Every structure is written in C-alpha cells, then in structure tokens.
Amino acid sequence: MAKDEKKSSWKEFFWNPRTREFCGRTGSSWGMMIRPKGEQLEIAYTMEFTETWERYIQGLNNFLSPYNDTAQAQTNYECKPDQYFIQEDSGSLKNFPKRSCQFKRSILEDCSGISDRYYGYDVGKPCVIIKLNRVIGLLPSKDGQPPYVTCGAKRYKVGKEEWADDSDKLGELVYFPPNGTFNLMYYPYYGKKSQVNYSQPLVAIKFLNITMNEDVNVECKINSNNIPEGTERDKFAGRISFKLRINSRN
C-alpha cells in the first residue's frame, strides 16, 4: 500500500465520513466509559501510599464537580422520575432551549465524594463511575423498565482452549443509585444545542472486599430491553472492561 493510502486509511479509522463512524463505531453504539481514568483501563494503586491514588480522587472530584447539588438545583429542572421527559415542539414553534433534569451528586451516596472524600480508595473499597454515551433521541427502554448496569468478573483466555475469570477475587459490589439504574427521566437527549445544561446520568459501583495484591479483571455492561446488544462488528457496544489492582503492605 502506498504511503498516502496508508495515511488515508488510518485517518478514516478515526473518522469515516461515509459511514459516520468514529474508531469503527457509530454514535448510537459507542457504549460505556468509566471514571476515574486509568492507564489502559487499569486502576492500580497501593493503599498505604497516598501519592499512588490521589490522582484518582482528583479525577473523580473534577468529573463530579458539575453534578454538585447546588449547581444542579440552579441550572436544571426537578423532573418526575420513572418516565421519559419528552418535550414536544408546538408546530413550527420550537421548544428551545429544552430543559434538562437534575442529576445531583448526592444520588451516588457513598461514591459521591461527599460523605467519603476519598471514595473508598484509602481503605481498599474504591468507587468506579459509569456513564453512557449521549445518543440523540435514544429511548433506552420499553414498558417502563429502566436500563441498568451489572458488573462481574471478565472471562479471559489462559490457554489455547482454556478460559478463566476472577470471580473468586471480585468480592461484593454495591451500586448507586440502587440496582445500578439509569432513570428514564434523563431520556430522550435532544442534543448539545437544545439542552445546554444536560447532565448525563451516572451509576457508581463500589467494590467492598476485592482481593488485595492481585489483578482483578472486571466487565460492566448495560442491560436494556430496548438497546440491541453488540454485533459481530461492534462486540463491545454497551460494555466496558477494566482491571483493578489494589496493593496493600499489610
């Protein structure tokens, strides 16, 4: 392949104007993201050494700052939960800008950084926050069943035909909000220009007794009766995998 062809092919991988795909995915199938950000989706630190985990704390603080309860109360609307917040236009009169529902940081309880400013990292019970990609017009559920997150041990290959997972190392998990749900009132999303103050709903997972001093491979996925699962082309839509390693000298 000629040099220019290689360059063009590489650029098209990042953004393909014909298919409107970014890194091989369309906007409607981009999937999930986690916070705090770790190197190559790995969150690793040593409990006794503050400097190894303080960047995770700072990252979570920065990420959650727009979700402060006071900021949300000032800029966003207190919506009725458990139903879509549909804002119809009146004929040729556009309902613009559209209102956005409050997502207050306190909803995340033990993972909000309010009652525990270290998000459990100092005691080996870290919080990880999940958010979904914004997809304009998405109605992620039918029959009033909200989408929800579940996390478990990720399977990985250990031999030619052998697979393993870290179920015995994962320990107990707790979700915030309860059951890891994304309330329907945050949907549909009308776009950045229409909803300038839109706050994506979040789900936090707290790892209560993960095995220390070992790699633990985790996979979280979105469960919904109105979002198609990953296809052969996009196997990772609606799921994300990451590694946790919490070291302790004790």
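Reader: Which hand does the link of Cys111 and Cys127 have?
Author: This is a predicted model. In it, a disulfide joins Cys111 to Cys127, with S to S at 2.1 Å. The angle about the S-S bond is -75°. That makes the link left-handed.

Reader: How many residues apart in sequence are the parts that this pair ties together?
Author: Cys111 lies in the loop between H3 and S5. Cys127 lies in strand S5 itself. The pair therefore ties together parts whose separation in sequence is 16 residues.

Reader: Is Cys111 buried or exposed?
Author: A residue is buried when its relative accessible area is under 20%. Cys111 has a relative accessibility of 0%.

Reader: Which residue in S10 is the bridge partner of Cys127?
Author: S5 pairs with strand S10 (residues 202-207) in the antiparallel sense. The two strands share 5 bridges. In S10, the partner of Cys127 is Lys206.

Reader: In S5, which residue is the bridge partner of Met32?
Author: Strand S3 covers residues 32-35. S3 and S5 pair in the antiparallel sense over 4 bridges. For Met32, the partner in S5 is Leu132.

Reader: What is the hand of the link of Cys79 and Cys101?
Author: A disulfide joins Cys79 to Cys101, with S to S at 2.0 Å. The angle about the S-S bond is -95°. The link is left-handed.

Reader: How far apart in sequence are the parts that Cys79 and Cys101 tie together?
Author: Cys79 lies in the loop between helix H3 (69-75) and strand S5 (127-132). Cys101 lies in the loop between H3 and S5 too. The pair therefore ties together parts with a sequence separation of 22 residues.

Reader: What is the relative accessibility of Cys101?
Author: Cys79 is buried, with a relative accessible area of 11%. Cys101 also counts as buried. Its relative accessibility is 4%.

Reader: Which strand holds Cys220?
Author: Cys151 and Cys220 form a disulfide, their sulfur atoms 2.0 Å apart. This pair links distant parts of the chain, 69 residues apart. Cys151 is in strand S6, and Cys220 is in strand S11.

Reader: Is the link of Cys151 and Cys220 left-handed or right-handed?
Author: Both cysteines are buried. The angle about their S-S bond is 105°. The link is right-handed.

Reader: What is the pairing of the bonded cysteines, numbered in sequence order?
Author: The structure holds 3 disulfides. One joins Cys79 to Cys101. Another joins Cys111 to Cys127. Cys151 and Cys220 form a disulfide too, and the pairing reads 1-2, 3-4, 5-6.

Reader: Which strands stand at the edges of the open sheet of 4 strands?
Author: The sheet has the order S4-S12-S11-S6, with mixed pairing. Two strands have a single partner strand each, so one side of each is left without a neighbour in the sheet. These edge strands are S4 (42-46) and S6 (148-153).

Reader: In S12, what is the bridge partner of Asn217?
Author: Strand S11 spans residues 216-223, and strand S12 spans residues 239-247. They pair in the antiparallel sense over 6 bridges. The partner of Asn217 is Lys243.

Reader: What separates the C-alpha atoms of Ile57 and Tyr119?
Author: Ile57 lies in helix H2 (residues 50-64). Ile57 is buried, with a relative accessible area of 7%. Not counting residues up to four places away in sequence, Ile57 touches Arg117, Tyr118, Tyr119 and Tyr121. Ile57 and Tyr119 are 62 residues apart along the chain, and their C-alpha atoms are separated by 7.1 Å.

Reader: Over which residues does pLDDT stay under 50?
Author: The mean pLDDT of the protein is 86. A value of 70 or more is reached by 82% of its residues. pLDDT stays under 50 over residues 5-28.

Technical notes:
Residues numbered from 1 in each chain as written. Predicted model: local features only at pLDDT ≥ 70, side-chain atom pairs only at ≥ 80, totals over all residues. Heavy atoms only, no water. Pairing = 2+ DSSP bridges. Disulfide = S-S within 2.5 Å. Buried < 20%, exposed > 50% of the residue type's maximum accessible area, 1.4 Å probe, protein only. pLDDT = per-residue confidence, 0-100. Contact = heavy atoms within 4.5 Å.
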